[in-house]
Amino acid sequence: MSSSNGGYYLPAPSHWPIVGSLGMFLLLFGFASYLHGSTSLIMIAGAAIIIVMLFGWFGTVINESLAGKYNNQVDVSFRMGMAWFIFSEVMFFAAFFGALFYARMYSVPWLGGASNNVMTNELLWPTFEAIWPTNGPAAVGGEYHPMGAWGIPAINTLILLSSGVTVTWAHWGLKKDDRTQLILGLMATVALGFLFLGLQAYEYHHAYTEMNLKLSTGMYGTTFFMLTGFHGLHVTLGATMLFVILIRSMKGHFTEEHHFAFEAVAWYWHFVDVVWLGLFVFVYWLV
Amino acid sequence: MSTATTHDEHHDHGAPSGLMRWITTTNHKDIGTLYLWFAFIMLLIGGAMAMVIRAELFQPGLQVVDPHFFNTMTTMHGLIMVFGAIMPGMVGLANWQIPLMIGAPDMALPRMNNWSFWILPFAGTMLLSTLFMEGGGPAFGWTFYAPLSTTFAPASTDFFIFAVHMLGFSSIMGSINIIATVLNMRAPGMTLMKMPLFVWTWFITAFLLIAVMPVLAGAVTMMLTDRNFGTSFFSAAGGGDPVLFQHVFWFFGHPEVYIMILPAFGVISEIIPTFARKKLFGYSSMVYATASIAFLSFIVYAHHMFTTGMPVAGELYFMYATIMIAVPTAVKVFNWTATMWKGSMTFETPMLWAIAFVFLFTIGGFTGLMMGIAPADMQYHDTYFIVAHFHYVLVTGALFAMIGAFYYWMPKWSGHMVSERLGKIHFWWSVISVNVLFFPQHFIGLAGMPRRIPDYSLQFADWNMVSSLGGFAFGLAQVFFLFIIIKTIRGGKAATSQVWEGAHGLEWTVPSPAPYHTFETAPEVR
């Protein structure tokens with residue numbers, strides 16, 4: 001029964017999931033309380049518990065992996081899990097892209113009197129002209145400057161595309177057991193990821209202080225910051241995961257054949273990359 | 001495929017016992033049991049709320065609760081039944097049955113399976129805690145349309161939003177697990193087109209869940225930022241649109257109704273062949289019909305919005321697309337009927353529930369067709385007619401299938417046969433009272449009584465009273481069900497491996513009760 005080769009590995013009972021649930025509950029309950037004037041301590045405690053859980057749970061998985069407990073069938077389960085998780089992320093972004101397209105194709109033109117909405121415009125917002133970008137007929141947030149595409153955003157596009165190349169180069173290194181190439185490639189990717197985030201932070205700062213472009217700047221500010229903001233969060237997560245993979249590579253983890261963790265993070269990185277291309281085209285460029 | 005299974009510290013020795021066994025378990029049977037109990041407790045809580053609603057509607061006028069609390073009850077009743085009772089109940093069935101039916105040693109990702117479940121009690125607590133907050137719980141209906149849920153909602157709405165986030169996270173992980181299990185853990189020889197239909201329907205449902213739960217998360221996130229951070233998603237003043245909420249919500253919401261009913265189709269497709277002692281008629285057409293329904297569910301959602309306002313071309317498109325769903329659904333009803341045709345049928349309790357499902361779900365399907373017709377829907381929209389419609393498909397549909405599944409598989413789970421006498425009393429009690437409860441709602445709806453209203457015009461008084469009496473009887477029947485469940489767990493006639501004379505499939509080859517670990521050596525499927 002306990003033969004250690006050829007079988008599908010079933011893990012022993014684990015307390016990490018319940019720790020994760022508790023952390024998630026405290027984080028979100030604390031956040032909602034904080035929004036209504038309570039202390040932020042519950043939220044911080046929840047975040048801390050989640051971080052402990054992530055170290056503990058992934059630590060367990062890494063140890064099991066190093067102990068050779070995962071056969072090819074387990075590997076396939078992991079691959080499917082990661083692939084469908086990324087698909088769910090795609091659908092999450094789809095909701096926000098959908099909101100952007102809806103505003104640009106329907107709600108803004110309708111407020112301007114398009115289709116059969118002449119009276120909406122005449123009676124409610126007679127001075128409103130439907131153009132994109134807009135902060136709406138009530139000019140929510142006041143005068144602002146829209147974000148151009150060909151400064152930092154274009155540079156960021158190049159940065160992310162290059163990081164896709166470097167992570168692939170690192171993968172080639174791993175597959176031919178060239179540790180130097182693997183580690184250099186990962187270092188470059190992580191550096192490019194954080195460089196992207198730094199430039200994004202600079203862009204946000206510029207928007208808030210110089211352009212009066214804020215999250216509350218009508219539908220343009222809303223879609224701009226929500227889409228780029230959620231993307232930025234995903235880049236942060238991806239770059240952090242790449243950093244973990246870098247550390248593990250330096251510790252000598254992974255073999256030429258068996259390195260699912262590396263591949264999962266690489267997939268995630270490419271996903272983040274593709275989302276950015278959509279953002280660059282529809283949020284920055286085609287305005 | 002696997003031939004043997006390894007265990008880290010063999011579970012049965014040195015494993016946690018007592019409460020910690022249930023909290024830390026990675027066993028699909030334990031987790032299935034947890035899901036089913038959670039769903040049943042939520043069913044009773046949501047049911048108690050329904051009793052409050054029916055008590056208030058027993059007579060015209062305001063007598064039991066104040067209107068805001070009434071609205072809170074309709075909202076929470078819907079949310080708890082959808083996200084707390086039906087969905088987790090179906091996942092519980094999936095956890096117990098899918099590994100048993102495809103000959104797998106467990107779910108593909110057992111630790112994540114535990115997490116999928118253990119998020120639920122926390123999310124449920126967060127959702128229920130809103131009832132005790134200042135300003136009351138959410139009172140905007142289970143569809144939480146903006147701006148009712150943004151500009152005009154109580155502070156507790158932010159807790160509701162995060163509860164929905166957690167429920168969605170749990171569903172997505174659960175679905176990923178089901179897809180990986182079905183694709184990667186089947187016994188040798190168990191080809192896709194040999195899989196039991198319950199496995200097929202859940203496999204397809206899992207794809208629906210992964211596609212739409214993130215969109216729901218997006219919708220509530222937009223609500224959160226509109227409420228707290230000054231965004232304009234649902235505000236026309238900033239260039240957004242409250243109607244956008246309805247689009248995002250129903251892009252999730254329509255597939256959601258198939259998420260709740262497709263696994264029920266699967267259950268019925270298991271029960272009927274067993275008691276008709278015939279193979280399921282048209283197996284492959286059942287698979288294709290399920291897939292077609294799943295596909296169509298994505299492209300019909302705006303039929304929930306006929307009265308919201310959309311271009312005429314949109315109304316026409318969504319009307320025709322909606323009516324098209326009748327085709328694959330009719331294929332299923334036809335196949336169930338044809339399976340029974342000339343079968344040597346017996347009427348044990350599970351079969352009674354399955355037959356009631358076919359009849360009563362079809363009634364709900366037909367009223368759905370009526371409302372799919374855009375010009376007619378202008379009359380039915382937001383009346384008690386729609387309430388009757390979706391309770392026929394969800395109570396006598398999804399819930400009846402789950403109760404049928406309980407009577408069908410409980411001998412395998414507990415090792416005890418369920419008392420046929422008690423089961424039949426439960427069945428007839430439920431099936432009569434549920435029709436007394438919901439059938440009159442068609443009449444008062446067509447006569448014009450709006451939904452989500454605590455008081456009503458005198459002309460609706462008689463049928464409301466009848467409906468309430470049916471409601472109390474149906475509610476009591478489910479307390480009786482609790483008694484049956486506990487009685488069966490504690491004892492009863494020992495079940496054989498096969499349990500039912502006409503049962504076929506891998507789950508009937510293992511002893512009853514099913515041992516803690518099954519199919520550690522994969523069975524051979526011919």
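**Notes on the predicted complex**

1. The domain assignment, which is automatic or taken from a database, divides chain A into domain 1 (1-70) and domain 2 (71-285). Taken over C-alpha atoms, the centres of domain 1 of chain A and domain 2 of chain A are 26 Å apart. Five residues from domain 1 of chain A and five residues from domain 2 of chain A make up the contact between them, where contact means C-beta atoms, placed from the backbone, within 7 Å. On the side of domain 1 of chain A that touches domain 2 of chain A, four residues are nonpolar, one is polar and none is charged. In this scheme Ala, Val, Leu, Ile, Met, Phe, Trp, Tyr, Cys and Pro are nonpolar, Asp, Glu, Lys and Arg are charged, and the others, Gly among them, are polar.

2. This is a predicted model, in which local features need pLDDT of at least 70 and side-chain atom pairs count only at pLDDT 80 or more, while totals for chains, interfaces and linings use all residues. Residues are numbered from 1 along each chain as its sequence is written, and chains are lettered from A and ligands numbered from 1 in the order in which they are written.

3. On confidence, the predictor gives the complex an ipTM of 0.95 and a pTM of 0.95. Chain B has a mean pLDDT of 95, with 97% of its residues at 70 or more; pLDDT is the predictor's confidence in each residue, from 0 to 100. In residues 1-11 of chain B the pLDDT falls below 50, and this stretch has 38 contacts in the model beyond near neighbours in sequence.

4. Chain A contains eight helices and one strand, in the order β-α-α-α-α-α-α-α-α along the sequence. Helices (H or I, at least four residues) and strands (E, at least two) are DSSP runs, numbered from the N terminus. The C-alpha trace of chain A spans about 80 × 40 × 35 Å along its principal axes. Of its 287 residues, 38% count as buried, meaning 20 or more other C-beta atoms within 10 Å of the residue's own; 12 or fewer is exposed, and in between is partly exposed, with C-beta atoms placed from the backbone.

5. Between the chains, the contact takes 61 residues from chain A and 66 residues from chain B. On the chain A side, β1 (8-10), α1 (16-35), α3 (72-111) and α7 (218-250) each give two or more residues. The most come from α3(A), with 22 residues. That side of chain A holds 36 nonpolar, 23 polar and two charged residues.

6. Helix α3 (residues 67-102) of chain B is mostly covered, with 33 of its 36 residues buried. α3(B) bends by about 35 degrees at B:Met81, the bend being the angle between axes fitted to the seven residues ending there and the seven starting there. Just after α3(B), B:Gly103 has a positive phi of about 75 degrees.

7. Some backbone geometry deserves a look. The peptide bond from B:Ala146 to B:Pro147 is cis, with omega near 0 degrees; B:Pro147 is in the loop between α4 (110-129) and α5 (157-184) of chain B. A:Ser115 is not a glycine, yet has a positive phi of about 55 degrees. A:Ser115 is exposed, with 10 other C-beta atoms within 10 Å.

Definitions and conventions. Contact = placed C-beta atoms within 7 Å.
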